[in-house]
Structures are given as structure tokens and as C-alpha cells.
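Below are a few points to read alongside the coordinates.

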Amino acid sequence: MTDSYRHQGMRRRLVQEIQQKGITQREVLDAIGTIPRHLFLDSSFVEFAYQDKPFPIGSGQTISQPYTVAFMAELLSVEPGHKVLEIGTGSGYQACVLLELKAKVYTIERQRQLFERTKAFLPTIGYRPRFFYGDGYKGLPAFTPFDSIIVTAGAPEVPDALLSQLKVGGCLVIPVGQESQTMLRIIRTDTNAYKREQHGAFRFVPLLKDKANDL
Ligand code: SAH
């Protein structure tokens, strides 16, 4: 598992690319510039690791596009020490970005194989979120409240459980829709009040309901 000058050079170009596409927050750009994304892909796909594209990671899932990961991280407005809940651990790349922003990260995955693989892999490159296996629709009631919640799969609707697990002043960032999704940021402005913003169109694998599957 090496991180060569060549990889670092490819990463610098990726950072420039997402900067040109509109990412401005320094800490987010630094996170993308730091995390060895090639180690998240099978070694034969190194060439693809630093393209600004999503990529299949097995078990029918994808590692999200770097621009999208950065865009969502910016929307979350993470401050050091924030408690952040992620739904859809997948490859763990987004969780690493949140850890680089110095958040305390809780991440849930419903696909057993992916959960086991990512839980074993991330610590080997120095990243330690708290991993949970289960259905992200329900959030993590035992660990509420969260400063922010990020959903990294396309949701048919906004799960009420997630809204109720936010601190007042906190926000939920979630792509909502069937074929393509609208990125929503929903800010809890008061105990019973939420403000909803739209932030463009994206395409994610679906957020699946019901019990975890063991495919
Ligand atoms: N954040 C990931 C992208 C993951 S793709 C990354 O950085 O690579 C979306 C993930 O959401 C998939 O791994 C999928 O298995 C998971 N998922 C789908 N529905 C879910 C649910 N209800 N609860 C938890 N995870 C879910």
C-alpha cells in the first residue's frame, strides 16, 4: 500500500479540478489532497482513482465522485469536534473526508460485506470512524443529537427519524428523488422548525429500505 509522488501529483491535479468546479473551503480541498483514494480501489484501477468520477467498488456499490463528496462536505459546515452521522459508509471515502475535517464520525452501512470490508480497511490507513451495521433510515437513536447528518445514497423521501436526531442549528444533507436526486440541505432552526434549501441535481445509488441485506 504505497502512496508515491506520482499518486500525490495525481491528487494535486484532482484538487485543482474540483476547485475549478466550485469547491472553495480550504479544509475540504486539503482533505481531498490528503486521502490516498487509490487505496480504496482495486490496484488494477489506480488510473481511475484520481479522475473526478464515481467508480464501482464491488457489491453493486460505488465510491462517490470526489466533487460530490467535497460538495456535500462543504454543505455540512463541519467544525472540529462536531458529531456527524453518515448513512451509507460504502468505501469509507466520505467518512475519511469528514475525519480530516476533525469531526467525530458515526457511519452506518446496511450491506454486510461492504460493512466488514470497510471496517477492516480504514484503520489500516489511519482512519477510525465508529462503524455501525444496520438500516440508516432509523439513524442512531442511542447517539443523538448530531451536529449534522449526511446521506450518501439517493433517498425516495426524507426520513423523519433523521430530522429528529439533529441538534437545533444542525443540518441534514440528503439527495432526494428516484432516477436523479435533488441535493437538499435541511436546517433545524428550532425544535419544531426546519428550513429546506435545494442545491442542484445529482445521481446516487438508492437508499434501500427495510432490514439489512446480506448479499
Ligand atoms: N459514502 C460512500 C458512498 C456510498 S454509496 C463512499 O464515500 O464511498 C451508498 C451506500 O449506501 C452503499 O454502500 C449502500 O449499501 C448504502 N446504503 C443503502 N441504503 C442504506 C440504508 N438504508 N442504510 C445504510 N446504508 C445504506
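At roughly what angle do the axes of helix 4 and helix 5 cross? The points below start there; note that the model is a predicted one.

1. Helix 4 spans residues 66-76 and helix 5 spans residues 93-100. Their axes cross at roughly 40° and come within 10 Å. Angles under 35 degrees would count as roughly parallel and those from 65 to 115 as roughly perpendicular, so helix 4 is oblique to helix 5. The crossing of the two helices is right-handed.

2. On the helix 4 side, the contact is formed by Val69, Met72, Ala73 and Leu76. Helix 5 contributes Tyr93, Gln94, Val97 and Leu98. Sorted by class, this contact of helix 4 with helix 5 holds seven nonpolar residues and one polar residue, with no charged residues.

3. Helix 6 covers residues 112-121, and Leu114, Phe115, Thr118 and Phe121 are buried in it. Why do these four belong on the same side of helix 6? The arc they cover around the axis is only 145°, which places them on the same side of the helix.

4. Ser77 has a phi near 50°, a positive value in a residue that is not glycine. Ser77 is placed in the loop between helix 4 and strand 3 (83-87).

5. Lys102 is located in the loop between helix 5 and strand 4. Its relative accessibility is 55%, and because the cut-off for exposed is over 50%, Lys102 counts as exposed.

6. Which two residues are joined by a cis peptide bond? They are Thr144 and Pro145, with an omega of about -5°. Pro145 sits in the loop between strand 5 and strand 6 (146-151).

Key. Residues are numbered from 1 along each chain as its sequence is written. This is a predicted model: local features need pLDDT of at least 70, side-chain atom pairs count only at pLDDT 80 or more; totals for chains, interfaces and linings use all residues. Side-chain values use heavy atoms; hydrogens and water are left out. Axes are lines fitted to C-alpha atoms, for helices over the stretch in contact, and angles run from 0 to 180 degrees between N-to-C directions. Angles under 35 degrees count as roughly parallel, over 145 as roughly antiparallel, 65 to 115 as roughly perpendicular and the rest as oblique. A crossing is left-handed if the near helix is turned anticlockwise from the far one by less than a right angle, and right-handed if clockwise. Contact means heavy atoms within 4.5 Å. Ala, Val, Leu, Ile, Met, Phe, Trp, Tyr, Cys and Pro count as nonpolar, Asp, Glu, Lys and Arg as charged, and the others, Gly among them, as polar. Buried means under 20% relative accessible area, exposed over 50%, partly exposed in between (1.4 Å probe, protein chains only). The arc is that of the directions from the helix axis to the C-beta atoms.
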